[in-house]
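Q: Please take a close look at one part of this predicted model. I want the contact between two of the chains, described in one connected answer.

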Amino acid sequence: MITAGIDFGAKNVKVVILDDEKIVARGSALTGFDLKIAVKDASEMALKAAGLKLDEITHITETGIGQGSVAFAADSVSEVGANAKAGVKLLPSARTIIDVGAEEARAVKCDESGSMEDFVVNERCAAGAGAFVEAMARALEVELGQMGPMSLKATEAVPMNAQCTVFAESEVVSLIHAQTPKANIARAIHDAIAERVISMVRRLGITEDVLLVGGLAYDVGYVDSMKRGLGVEVHVPELPEYVSAYGAALVAQERAKE
Amino acid sequence: MTEMKYQTKPLDIWNEGKALRQQYYENYAKAHEKGGIRWAGGAWAYSAVPAGLGDDVWSLTGEPYGASVAFNKEFAARCQEAIEAKGFARDLCAYLRNYLGSVVLDEYVFGGKFPKPDFMWTTHICCSHAKWYQIASDLEGGVPYFCIDVSTGLIEDFNERRREYVVNQLLDGIDWLEQTTGRDYDDQKLIQAVYNECEATSLWAEICALNRTIPAPLDEKTMYSLYVFGTIIKHRPEIVDFYRKLRDEVQERVDNKIAAVGNEQRRVITDTQPPWGFLEIFRYLETFGVVSVGSLYTFSLIGAWEVKDDGTWGPRTTPQEQGIDITTRKQALEVLADWTHARPEWQHFYSAQKKSDMMLRIVREWKVDGVMLHYNRGCEGLSLNIAENRLAFKDAGIPVLPFEGNMGDEREFDLERTKKAVDSFLELLGVK
Amino acid sequence: MFDKFKEWYENRHDYAQAWKKQTGGKVLGYFCTYVPEELLIAADILPLRILGSHEAQDVTEPHIFGMFCPFCRDCLAQGLKGRFDYLNGIMISQSCLHIRQTYNSWVKHIPQEFSYYMYMPHGVQTPHAYPYLRGELEVFKKALEKWIGRSISDKDIDRGIEVMNKNRQLMKQVYEFRKQDNPPLTGLEAMYMVVSSQMVEKEEHNQALEAVLKELPNRKLDRNTGTRLMIIGSEDDDTEFVEMVESLDSTLVVDEHCTGTRYFWNEVEPQKDRLAAIAARYIDRPPCPSKDWPERKRFPHILQLAKDYNVEGALVIQQKFCDPHELDMPALRQMLEENGIPTYFLEFDVTVPIGQFKTRVEAFLETFALPDLF
């Protein structure tokens with residue numbers, strides 16, 4: 001049976017198409033101002049890759065911030081619910097799944113069947129999400145993709161004093177003026193964001209295995225900081241930003257059978 | 001919308017309540033026209049005490065006023081800007097900011113100029129109460145101000161010595177009231193007000209206790225409009241009368257299985273004041289058959305409770321039911337202090353464990369499936385210990401939804417994000 | 001000569017553990033300076049104020065709501081990280097809600113031999129507070145006696161009062177030197193002195209103070225005094241900040257903090273009823289704003305300090321989200337400015353963005369150097 005999951009992220013819309021539980025295609029598009037265009041672009045990309053037409057999809061489930069805005073989705077699931085479902089499918093031993101996207105961080109604790117037991121979402125501050133790393137990369141005048149590899153080369157831990165994005169930016173400027181190597185600053189930025197995220201996840205309690213998903217999980221600097229901060233091994237699936245969409249498509253499989 | 005299982009109808013007494021509340025704000029505003037007295041103070045104040053000055057003494061309690069301002073989002077925003085412009089931080093108590101902003105603007109949320117009080121009379125239990133009226137007194141050009149320290153701890157520690165500390169302050173307060181207003185104080189009026197307050201607050205507990213029934217005869221959104229009398233005029237005879245009628249009507253709903261929410265399938269409780277401008281969150285829950293049946297806050301900010309013989313909570317036996325004949329000023333104040341300091345919501349200021357225990361009791365006795373904790377940026381007093389309460393529910397295996405917001409400042413509430421979190425909670429409860 | 005204080009402050013845990021080992025005594029961590037240390041000393045207990053470490057941390061989120069002050073979170077983090085595991089007990093004297101949250105969470109998650117919540121009144125301006133607090137002290141004394149397994153005699157209490165009073169007198173004498181045109185000590189040194197007195201045995205601290213007082217008359221600092229500043233506000237042991245300010249051609253000549261003058265300014269005036277005497281001291285001390293009502297009695301005291309120490313400007317600071325200080329701030333700044341003392345406001349977090357704050361303090365200090373235009 002063919003199902004699809006659509007995840008409305010703050011930055012990108014992601015689509016995953018499943019044949020039973022096997023991923024047959026993915027698509028993504030910048031969220032931009034018009035969600036409808038983004039959904040159309042992302043779904044067309046996925047459909048084209050799968051060689052399918054929209055009406056061949058039995059059930060579509062959506063997740064993310066723009067829920068309800070797509071006429072052809074049958075229903076919706078929360079991101080934490082989708083993450084629990086997909087996370088356990090990708091790593092059967094996963095019990096804590098931490099999802100950090102562009103604007104939000106969230107985490108879910110689940111059982112072996114992928115059912116959610118508890119969840120947390122971050123408070124109203126972007127200092128604990130991907131946009132923070134982007135802003136800091138700009139301040140450092142470094143390509144976003146270089147932030148991670150660069151921070152792995154750090155020679156020293158530099159404390160970041162500022163606790164919010166606005167102050168952090170001026171803090172980075174101060175560090176640059178103080179001739180602090182960029183690699184050390186990059187690590188400080190990753191440590192700061194990991195501290196925010198870990199703080200939040202501690203509300204759930206850390207149950208292994210820990211799986212990192214969402215766009216920020218591409219960033220090896222962040223993954224390294226999380227590992228050090230949590231003091232446990234962390235796992236990252238392939239294409240971590242598609243995990244919520246994959247979870248939604250899995251939920252669609254279940255619901256189509258009901 | 002899930003399937004309707006129960007019959008439902010609005011409360012018959014609704015309009016009477018609405019009129020009573022309007023009357024209250026009008027009585028205060030127009031008190032001077034009839035030679036009466038106006039005072040301002042917190043909802044936690046010993047409001048029965050100024051009643052000894054006469055029947056034409058009207059109060060404006062700050063927290064409910066701040067909530068009324070919050071309902072009017074345009075006015076609330078102006079109040080907040082006005083008080084921030086005076087240098088006050090925006091993370092302060094949202095009620096305080098709404099109230100003081102209204103004073104600075106010299107606008108009453110119900111129309112006209114802000115009615116300046118003749119004196120201020122309050123108590124200090126959180127970090128803001130005493131300072132609130134200190135500032136209000138300054139802003140109003142030095143209105144006489146009296147505040148009673150009630151930080152005497154848990155009710156089990158409220159022995160004679162500690163009670164005396166409170167009662168002595170109240171006795172000084174009565175002398176001060178006489179000097180400030182130039183009126184003679186009537187102890188008989190005080191005694192009657194004490195009887196009224198005990199009866200009204202016990203009745204409110206009785207009404208809340210009826211909400212143990214499935215389906216719940218009242219939902220919390222409705223209860224907000226009803227408990228409010230306990231925060232504005234808990235000592236007045238018209239409230240005793242109103243709560244008696246309400247109790248009878250709720251009993252009738254219980255007897256006839258009339259539900260607040262016809263599709264009730266899961267019961268939750270909340271904690272702290274809600275984000276007043278966004279009560280639609282409750283409506284959203286109801287579309288999935290989830291009904292909030294109350295909270296420690298709605299039950300016991302004013303409700304008077306005791307543990308009954310079967311070990312469950314019930315309305316507290318009033319002094320009049322116990323046959324206690326109050327004859328003197330001092331005795332009246334002692335009875336009132338004993339009554340006031342025992343309210344469950346007062347205990348939470350001193351112990352995280354006590355608050356968790358009380359909330360877990362409500363979960364058990366009111367047959368609750370999940371808990372919504374409002375991390376209320378507008379009130380640090382009632383948010384005290386909230387994270388520890390969350391851990392206690394987690395340990396007890398009860399689904400919890402913590403959500404962040406502000407009771408009186410809409411800039412700090414994100415409806416869409418909260419709805420998203422609610423969706424996850426609904427999944428946890430197995431209804432979505 | 002102030003190095004000893006700095007060393008104590010920085011190695012507070014080592015000191016307390018060594019003290020325990022050496023004396024076999026008990027160490028009690030406390031949360032607010034309204035705790036009557038006289039009785040603890042009378043019971044041969046080492047009172048140790050629990051302060052934060054000014055490091056980023058990720059352990060308090062499950063316990064404390066994010067909008068409670070950074071100081072209360074920093075304190076709890078120390079406990080959760082096990083840095084105070086050597087404590088035999090903890091206590092709080094009732095003050096603000098935020099530090100109360102820390103105490104509540106600490107009691108719940110970190111096992112203690114002894115824990116005590118003292119119902120310190122807020123209504124310190126009512127005459128009824130004196131007998132009331134006296135009664136609370138009596139209850140507390142009994143709890144202490146039960147814990148240590150012996151009674152506390154009047155003689156013991158006299159010793160507690162004496163050593164505390166002496167500590168207060170000596171620190172006040174050191175502060176006298178800060179009135180000089182070129183004070184022989186910096187604000188940073190004074191801060192180390194006072195906070196360390198909240199951490200080490202008072203007799204030992206007194207000895208160190210006496211040594212300092214001998215040398216101070218002949219001490220000259222190789223630095224410019226620059227602008228004479230006062231620092232006012234909530235809990236503050238941010239030594240990095242103070243050091244930064246004093247590197248900008250200015251000197252903090254006096255403070256109004258509970259890690260400064262509010263802690264030691266007044267003494268116990270002996271009476272036959274020792275507990276009543278102690279109660280009066282805490283009721284009459286320069287108040288925390290949470291207890292300063294209906295009148296603002298703190299303000300004339302601040303103004304007096306500003307005059308006595310010839311203050312040119314004031315840094316008014318507070319922990320982020322500290323309601324009691326926030327509620328006083330507009331009136332405080334107005335009062336100071338009406339009295340010709342310009343103010344500059346800063347909000348403190350666990351760590352402060354020092355680069356940012358430096359720019360801001362520099363700009364404030366520049367206003368003192370401007371020529372008079374008229």
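A: Chain A and chain B bury about 1700 Å² between them. Carbon and sulfur atoms give 43% of that area. The model is predicted. Chain A brings 22 residues to the contact, and chain B brings 20 residues.

Now the charges. Five salt bridges are counted between chain A and chain B. One of them joins the side chains of B:Arg390 and A:Asp118, at 3.3 Å from N to O. On the side of chain A that touches chain B, three elements each supply at least two residues: helix H2 (79-90), strand S7 (105-110) and strand S8 (116-121). S8(A) gives the most, with five residues. By class, this side of chain A holds nine charged, seven nonpolar and six polar residues.

What about covalent links through sulfur? Over all chains, the search of the whole structure finds zero disulfides. Two cysteines of chain C show the distances. C:Cys75 has its closest cysteine sulfur in C:Cys72, 7.6 Å away, and that is too far for a bond. C:Cys75 is also buried, at a relative accessible area of 0%. C:Cys258 is likewise in no disulfide; the nearest cysteine sulfur belongs to C:Cys32, 6.9 Å away. C:Cys258 is buried too, with a relative accessible area of 11%.

Key. Residues numbered from 1 in each chain as written. Chains lettered and ligands numbered in written order. Predicted model: local features only at pLDDT ≥ 70, side-chain atom pairs only at ≥ 80, totals over all residues. Heavy atoms only, no water. Contact = heavy atoms within 4.5 Å. Buried area = accessible area lost by both parts, 1.4 Å probe. Salt bridge = Lys/Arg side-chain N within 4 Å of Asp/Glu carboxyl O. Helix = DSSP H or I, 4+ residues; strand = E, 2+ residues; numbered from the N terminus. Nonpolar A, V, L, I, M, F, W, Y, C, P; charged D, E, K, R; others polar. Disulfide = S-S within 2.5 Å. Buried < 20%, exposed > 50% of the residue type's maximum accessible area, 1.4 Å probe, protein only.
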